[in-house]
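Me: Could you take one part of this model and look at it closely, setting it in its surroundings before you go into detail?

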Amino acid sequence: MKPFGAFVAVMSLVAAALSAQSGASTRASSGLTAVEGLRVGHYTLSERPTGCTVIVVDGDAVGGVSQRGGAPGTRETDLLDPLNMVDKVNAIVLSGGSAFGLEAATGTVRWLEEHGIGWPAGPSRVPIVPAAILFDLGVGGNPRIRPTADCGYKAAEVATAGPVTEGSVGAGAGATVGKIGGAGRSTKAGIGTASIRLASGLVVAALVAVNAVGDIIDPATGKVVAGVRNPDGTFADARVLLRSGASLQPPRAGENTTIGLVATNATLTKALAARMALMADDGYARAISPSHTNGDGDTIFSLATGRWDGTADITLIGALAAEAMADAVVRAGTQATGVAGIPAARDLRK
Amino acid sequence: MRWVVLAVAAAQGLTPGASNTTLTAVPGVKVGHYTLTDRPTGCTVVIVEDGATAGVDVRGSAPATAETDLLNPINLVQQVHAISLSGGSAFGLDSRSGVMRYLDERNIGFKAFGNLNVPIVPAASLIDLNVGGSPKIRPTAECGYLAATGASDAPVVEGNVGAGAGATVGKIAGFARAMKGGLGSAALQTPDGLIVAAIVAVNAAGDIIDPATGKIVAGTRTADGKALADARVLLTTGAFQPPRIGENTTLGVVATNATLTKTQAAKVAAMAQDGYARAIFPSHTMGDGDTIFALATGRTTGDADVSRIGALAADVMSQAIVRAVRQATGIPGYPAARDLNK
């Protein structure tokens, strides 16, 4: 009974914290940058809707990753294994452009090095820049137009601590959702961000580029926010389609992937940062259906800046991270604007 | 247990008549190096134009890698088109971009919904920034492109080349007592036509030991710099500096002509790490980013017992590691094994 008792105690703590969040706490309007020390920059290519989003950490942060989609494109995720030595991250790069887009990290590394930022290694400082990409090559033009090192450099250069621009920008510029109904029925999505601040001073925030096979669901209402469209502009609801036995388009590599990060001002060990990323994946599960498919490279990074001197249990932080992530996913659907003939949710509501 | 006997017999050397004793003994595998002239560093590319089922095992604790999540057997993409190894620490991962460009220009890659070409190029880098010149000189995308352009199925050039150009070994008593590492390759062919081969850039914190003799081939030198100190002895006598990031990492690829599933390829990569364990001491430290990729071209369809292939992969990897330091040549501050034996 003892372990169960402890479990109940922890869950009560979470419930109390969550109710505190909906009551006394307020949501910062600035999304991810509500976590002090984080700056966000987007660079969006003009030739085709694609781009990259760079999160620069002032000082540094302990990092983790959860990689649960079946078609990932990633860089420096092995380094984030808690068994491994480096426990500080200088930036996270999210990019469109499929595996080609990993090159964006090269530009961010260059920018960081020019600013003397990196892990001390003998005579050098080596910028630690995990990265993940999403697959948008089929959207709005020539698939040879992809984010390059230049994109990652420019996004780092313009990164600010101000409110994060959401919608069809940066890594979300070419992002779409609702692809199980096949070509021509998807809806535009993009970048979303959200943050939760407790009265204690704990901040947990998320940023995400949503390019899922599945639909975006608002967990608060259970309703589709963006997804497979019907000819009349309503949403078909992927959950209904899946149960109907209708002939569906199996998720394909080269079309999908939702990539994001969660961050907190709390102090976490590297192993707990990995736990935070893992729990944040529950936000994908709640706000994307289906999620984590074989054709999605779904990846979530986590960052803990340690700038808050309070203490909070990882279960609280992880549960809030899932909440913030689900909120951010919904905003990625509501804040997007239509591009390349693919309407966004806001276009359909008209 | 017949395969054990075969493996042991094969480990003594190649089947008579085989002329290529390197990674390119596996049909369909090409290797190219590009070595920078401004500082000893560079990159090495293993190309499989027709694709190969692949796995990875990251067992060092300071890795710099890309596209290794994709190699998780539960994930979708089954085949890779190249492996990019480089010096230059995390910066060197940029060389992968050049390999991608080279392959894309030739329309070699995963075909996303039929027509979009995406080359699959996992990569890893070793850390040689503090060797022989400005640490700002590192392999870039250009290095990867040029290495891919020069790739061929000729026997692999070994020693101070490509990803092994700036490699050093024997650093547990500091850099002043280290020696030159390098790049080595070896291949085994069994009478039934199975080929298992390895390539490795050896930049270990530890010493290199020939498992056939138990003797050190290259490693930490004595204080006067003239003889080998033996890391195994130093560890027990207290004269030991913890390995540091920014100095180490051994990167390898094992390849076979057998047909393997993606899960089996991961297992072969894991078993090949035993080759590191036998030939490097200490191995897999906090300061090493030790990584091994495995490639299976599937050009033979015979017995593909994964334990047999994995055991051979470990053996051939040990051989490649020993060759890496035997073929290396000294550079200022870092004598090679051949220099100490004079």
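Reply: Two residues are taken to be in contact if their C-beta atoms, placed from the backbone, lie within 7 Å. The model is predicted, and local features need pLDDT of at least 70, side-chain atom pairs count only at pLDDT 80 or more, and totals for chains, interfaces and linings use all residues. Residues are numbered from 1 along each chain as its sequence is written, while chains are lettered from A and ligands numbered from 1 in the order in which they are written.

I begin with the meeting of the chains, where 40 residues of chain A are in contact with 36 residues of chain B. On the side of chain A that touches chain B, β3 (74–75), α2 (104–114), β5 (119–121) and β6 (124–126) each supply at least two residues; helices (H or I, at least four residues) and strands (E, at least two) are DSSP runs, numbered from the N terminus. That side of chain A divides into 20 nonpolar, 14 polar and six charged residues, where Ala, Val, Leu, Ile, Met, Phe, Trp, Tyr, Cys and Pro count as nonpolar, Asp, Glu, Lys and Arg as charged, and the others, Gly among them, as polar.

Helix α2 of chain A includes A:A105, which is buried, with 32 other C-beta atoms within 10 Å (buried means 20 or more such neighbours, exposed 12 or fewer, and partly exposed anything in between). Apart from neighbours within four places in sequence, A:A105 is in contact with A:R75, A:V93, A:V129, A:A131 and A:G152.

The C-alpha trace of chain B spans about 60 × 50 × 35 Å along its principal axes, and among the contacts in chain B with a separation of 6 or more, 81% are accounted for by residues 24 or more positions apart.

The close look itself concerns helix α2 (residues 95–105) and helix α3 (residues 141–149) of chain B, which pack at an angle of about 45° with their axes 5 Å apart; axes are lines fitted to C-alpha atoms, for helices over the stretch in contact, and angles run from 0 to 180 degrees between N-to-C directions. The angle makes α2(B) oblique to α3(B), given that angles under 35 degrees count as roughly parallel, over 145 as roughly antiparallel, 65 to 115 as roughly perpendicular and the rest as oblique. From α2(B), the residues B:S95, B:R96, B:S97, B:G98, B:V99, B:R101 and B:Y102 meet B:A141, B:E142, B:C143, B:G144, B:Y145, B:A148 and B:T149 of α3(B), and by class this contact has six nonpolar, five polar and three charged residues.

Two backbone details elsewhere in chain B complete the picture. The peptide bond from B:F281 to B:P282 is cis, with omega near -15°, and B:P282 lies in the loop between β15 (280–281) and β16 (291–296) of chain B. B:T249, in the loop between α4 (231–237) and β14 (251–256) of chain B, has a positive phi of about 110° although it is not a glycine, and B:T249 is buried, with 31 other C-beta atoms within 10 Å.
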